[in-house]
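Subject: Structure handover

Hello,

Please find the structure below, followed by notes on what was found in it.

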Amino acid sequence: MSAAVFRGLFGHDPEGEWAAPGRVNLIGEHTDYNDGFSLPIALEQTVRAWVRRRDDGLLRLASTRTPGRVVELDVAALAPGGAEGWAAYPAGVVWTLRRAGHAVGGADVLIDSDVPAGAGLSSSAALECAVATAYADLHGLGLEPGELALLAQRAENEFVGVPCGVMDQMASMCCRAGSALHLDARDLATRDIPFDPAAAGLVLLVVDTRVHHDLGDGAYAALRAGCERAAALLGLPALRDLAPAGLDAALGRLPAELRPLVRHVVTEDERVRQAVDLLEKDPAALGPILTAGHASLRDDYRVSCPETDLAVASAVAAGALGARMTGGGFGGSVVVLVEQGAAAEVADAVTAAFAAAGHTAPEIHTATPSRGAHRVR
Ligand code: ADP
Ligand code: MG
């Protein structure tokens, strides 16, 4: 379908089509920029990029979200702040590739996506990773998925100006179908942890609360700076280096406003360890870990909102095994682990709770652990 849209916009065929998925993080939130651990799965929903290289140095960008519009940029003149709106993500990828010394130039790029934007499912990383994978493939750059993830993160940090950690890009690049990805953000070591909810009689629901966050608003940067300040005061390279056994003593040495941040990060890393131990043996046992993770994000890290809190509370009250917000917070999505037989009832209960509270109706989907970025054709 979109190959025809590409022809209509650019007057020739794309050289290929690439896809990169959105993600749901099962547990391990706000840990990546503390050099810690996380456990995302890739979604079936992807951002797709149709790409054809150009030899005149122009980068021409179109998205099916803005029909008929083409953003045209001069690759040699790319600089942070030099691309408006969504075009900054793909332009940032081309900019970082060039800064890393790769001889890449312009292209015609069409984007289509079924990852909802701003819903905490990481459409931004999927967009970066789809374009990065296309460029790496077309130019034969020979980069590993982890290297591309780092470049995509740098594009978002330095070109778009969002100080995100690396988990989203690693998930979009490196996840495998039928597995969760255990990520150590310090050295980007990954391990595939087999996870097939259906085979275990379980369903993962993703509840998009329709409250769309804006991580560029400074709240995320402030949290990140608070964590870095706490680590410095404790004389540690990062909060990941604080063992749970030393937590209470460490909290006593910190100013009151930093204590809840540190408590969240240290207990969250511990929850990832527990979840990894349980995922293969007894995935249903993950439920209480998810709910405990949400309480920590709500009460200590303070990044939840009334809608995500309500989704979690109403899902658990209706019989879900556990639930938590996923992604950076301030809205976005909630992941719910539920037994197959109870999934419809839990989804209905969440929808009813939103209606009773006067919130916009949530969108609820089932998530299946899917593959990372790849060439489609
Ligand atoms: P999230 O990553 O949680 O979806 P972000 O705010 O990080 O939220 O990224 C959302 C942004 O990504 C959008 O505002 C838009 O700029 C860009 N984006 C995502 N999907 C598309 C798309 N299909 N077409 C154009 N831009 C997109
Ligand atoms: Mg994002």
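Residues 89-174 are 59% helix and 8% strand, with 19 Å between the end C-alpha atoms; helices (H or I, at least four residues) and strands (E, at least two) are DSSP runs numbered from the N terminus. UniProt lists this span, in an unreviewed entry, as "domain: GHMP kinase N-terminal". UniProt positions follow the numbering used here, feature names are shortened, and annotations may be inferred rather than shown by experiment.

This is a predicted model, in which local features need pLDDT of at least 70, side-chain atom pairs count only at pLDDT 80 or more, and totals for chains, interfaces and linings use all residues. Residues are numbered from 1 along each chain as its sequence is written, and chains are lettered from A and ligands numbered from 1 in the order in which they are written. Mean pLDDT (the predictor's confidence in each residue, from 0 to 100) is 97 for the chain, with 99% of residues at 70 or more. The ipTM is 0.99 and the pTM 0.97.

Residues 5-53 are 12% helix and 53% strand, their end C-alpha atoms 17 Å apart. For residues 277-355 the figures are 58% helix, 15% strand and 38 Å.

Ligand 1 has 19 residues around it, the closest being S63, W86, S113, S123 and S124 (C-beta atom, placed from the backbone, within 6 Å of the ligand). Helix α3 (123-138) and strand β6 (107-113) each supply at least two of the shell residues; α3 gives the most, with 3. By class, the shell has 9 nonpolar, 9 polar and 1 charged (nonpolar: Ala, Val, Leu, Ile, Met, Phe, Trp, Tyr, Cys and Pro; charged: Asp, Glu, Lys and Arg; polar: the others, Gly among them).

Helices α4 (residues 145-160) and α5 (residues 167-174) have axes that come within 8 Å and cross at roughly 145 degrees (lines fitted to C-alpha atoms over the stretch in contact; angles run from 0 to 180 degrees between N-to-C directions). The contact involves P145, G146, L148, A149, A152 and Q153 of α4, and Q169, M170, M173 and C174 of α5 (C-beta atoms, placed from the backbone, within 7 Å). It comprises 7 nonpolar, 3 polar and no charged residues.

Regards

Notes. Two residues are in contact if their C-beta atoms, placed from the backbone, lie within 7 Å.
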